[in-house]
Amino acid sequence: MAMQYSDAVMDHFTNPRNVGEIEDASGCGTVGNAVCGDIMRIYLDIDDDGIIRDAKFKTFGCGAAIATSSMATELVKGKTVQEALEVTNKAVMEALDGLPPVKVHCSLLAEEAIHAALWDYAEKNGIKIEGLEKPVSDISEHDHGHVELVDSEEDL
């Protein structure tokens, strides 16, 4: 049985935005999921006013992981650090018109990678970002309530 991906997911998978890295990034966060082997790295370029001028990503993973990274970077560009913190996995999924249940963890990865990059930025600048917790490097260790972190064989 093939998985149904939305047009938005397919678009961001086939034409991902913001692929690459930022030299001397203000913040860089890498998270992975040992269960499915996805690794996501997000780079942020943040100006002196705390506005995210640019965001790029490098993701090793399935199509849904690439699509969620792409959408997550689009969603944080132009936002303040505080607003970027509000880009949750739910917001990423909604922007992509949903994900199949077995792929929800990909959006969690995107949320964690943004948080990890913001954490890195805060550390480098000796600042505290209200509401930001120290990120985990492997989200499969993270207790996200009832999120199923099991991958099927039907991956892209």
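**Salt bridges and cysteines in a predicted model**

Seven salt bridges are counted in this structure, a salt bridge being a side-chain nitrogen of Lys or Arg within 4 Å of a carboxyl oxygen of Asp or Glu. The model is predicted, so local features need pLDDT of at least 70 and side-chain atom pairs count only at pLDDT 80 or more, while totals for chains, interfaces and linings use all residues. Residues are numbered from 1 along each chain as its sequence is written, and side-chain values use heavy atoms, with hydrogens and water left out.

One of the bridges joins Arg17 to Asp11, with N and O 2.7 Å apart. Arg17 is partly exposed at 23% relative accessible area, where buried means under 20%, exposed over 50% and partly exposed in between (1.4 Å probe, protein chains only). Asp11 is likewise partly exposed, at 30%.

Glu21 pairs with Lys58, their closest N and O atoms lying 2.5 Å apart. Because Glu21 belongs to the loop between helix 1 (7-14) and strand 1 (27-33) and Lys58 to strand 3 (residues 52-60), this pair ties together parts 37 residues apart in sequence. Helices (H or I, at least four residues) and strands (E, at least two) are DSSP runs, numbered from the N terminus.

A further bridge links Lys77 and Asp54 at 3.6 Å between the closest N and O atoms. Asp54, Lys56 and Lys77 are linked in a network of salt bridges.

The disulfide count is zero, a disulfide being a pair of cysteine sulfur atoms within 2.5 Å. The sulfur of Cys62 has its closest cysteine sulfur in Cys106, and the 3.8 Å between them is too far for a bond. Cys62 is buried at 6% relative accessibility, and Cys106 is buried at 0%.
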